Amino acid sequence: MSPARSDDAWPGCHGVRVEGATIAIGASQGIPLAFATVRFGEVEPPNGQQLWSQNGEAAAMFRRPDGRLVLAGPKAAALEVDPRDASVTIAPGDDAVQRQLVASFGLPLLLHGLDVLLVHGSSCARDGKAIVVCADSGSGKSSVLVRLVDEGWSSLSEDVVTIDLRGDTAQVWPGPPWVRVAHGEPGPRDMARAFDSADKTAWDVSAVQATGPVDLARVVLLEAPGGDAPALDAMSRADALRALARHAVWLQDPDDRGRELFGRVAKLLTKAPAVRLRLPRRDEWRDSVPELVTAGTFST
């Protein structure tokens, strides 16, 4: 059964309703998964336990002794999340960076304790059904979303996808209203640039963004490009479990990752099938995407 819906749109994304500071990360309808208060302010330098780092210390997550979580860059702390009162404090800075930090780290951190699975991927919807495409960075998941939007699909999310596991059917919540692709790669047709980051251009897809959660029809695990022709294959439950677990998002203590995520990944695969897709190394592959991702179970 789908959760009750509301006709009133509220600010936020990933199913989290945002109160407090105005920050342009989208709007949704429906009963929120969670609430967050976002404010702008200085974030104290991190102290306590370092949980993880990435990209050669370009970003690191710390847990203060009182449980607050701090995302810090090489020069300063950028964001703090307090799970006790569901607040997100974002340091002063570039508007585009602030929006990405809140959408990619701040709000997802507040969902970790819920019956929700976060995955690195992209998602879009058509006729009330959604697909989620998971892939390693640079393998084309955002380009798949662009191709489907050009084909008339609604955008749901890219980079971080929030999947609600509470009901009989898994549901995908809208993320922020942009899709980011590498500089020089085509964005969605007739869409305007939202902002630029160091390595990507973000395109504004708010005009075609889904307005609330959509039932998930299938998970597509996109492999690295190769071969002469597209290949779409069913996956065994064990193979799908291993593959999807690689793309599950866990932003807190990595020692808790397996215990927290295994059951959620397994639960998702009881609600939606997974398939493996490999696309050839040539530009024409985009023309194959709409037919491939909807083949078979999507229409049932």
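**Exercises on a predicted model**

**Exercise 1.** Why does the radius of gyration of the protein agree with that of a compact globule?

Solution. Start from the chain length: the protein has 300 residues. For that number, a compact globule would have a radius of gyration near 19 Å. The protein has 18 Å, which agrees. These values belong to a predicted model. As a further description, the C-alpha trace spans about 50 × 40 × 40 Å along its principal axes.

**Exercise 2.** Describe the secondary structure, contacts and surface of the protein.

Solution. Begin with the elements: there are five helices and 19 strands. Next take the contacts with a separation of 6 or more; residues 24 or more positions apart account for 62% of them. Then turn to burial, where 54% of the 300 residues count as buried. Finally, the protein exposes about 13,200 Å², and carbon and sulfur atoms supply 48% of that area.

**Exercise 3.** How many positive and negative side chains does the protein have, and how far apart do the centres of the two sets lie?

Solution. Count each set: 32 side chains are positive and 39 are negative. Then compare their centres, which lie 4 Å apart.

**Exercise 4.** Locate Leu279 and decide: is Leu279 buried or exposed?

Solution. First, find the place of Leu279 in the chain: the loop between strand 19 (274–278) and helix 5 (289–294). Second, apply the cut-off, by which buried means under 20% relative accessible area. Leu279 has a relative accessible area of 5%, so Leu279 is buried. Third, relate Leu279 to Arg147: the two are 132 residues apart along the chain, and their C-alpha atoms are separated by 13 Å.

Technical notes. Residues numbered from 1 in each chain as written. Predicted model: local features only at pLDDT ≥ 70, side-chain atom pairs only at ≥ 80, totals over all residues. Heavy atoms only, no water. Helix = DSSP H or I, 4+ residues; strand = E, 2+ residues; numbered from the N terminus. Rg over C-alpha atoms; globule rule 2.2 N^0.38 Å. Buried < 20%, exposed > 50% of the residue type's maximum accessible area, 1.4 Å probe, protein only. Contact = heavy atoms within 4.5 Å. Areas by Shrake-Rupley, 256 points an atom, 1.4 Å probe, with all protein chains shown as cover. Lys, Arg positive; Asp, Glu negative; His and termini not counted. Charge placed at Lys NZ, Arg CZ, Asp CG, Glu CD.
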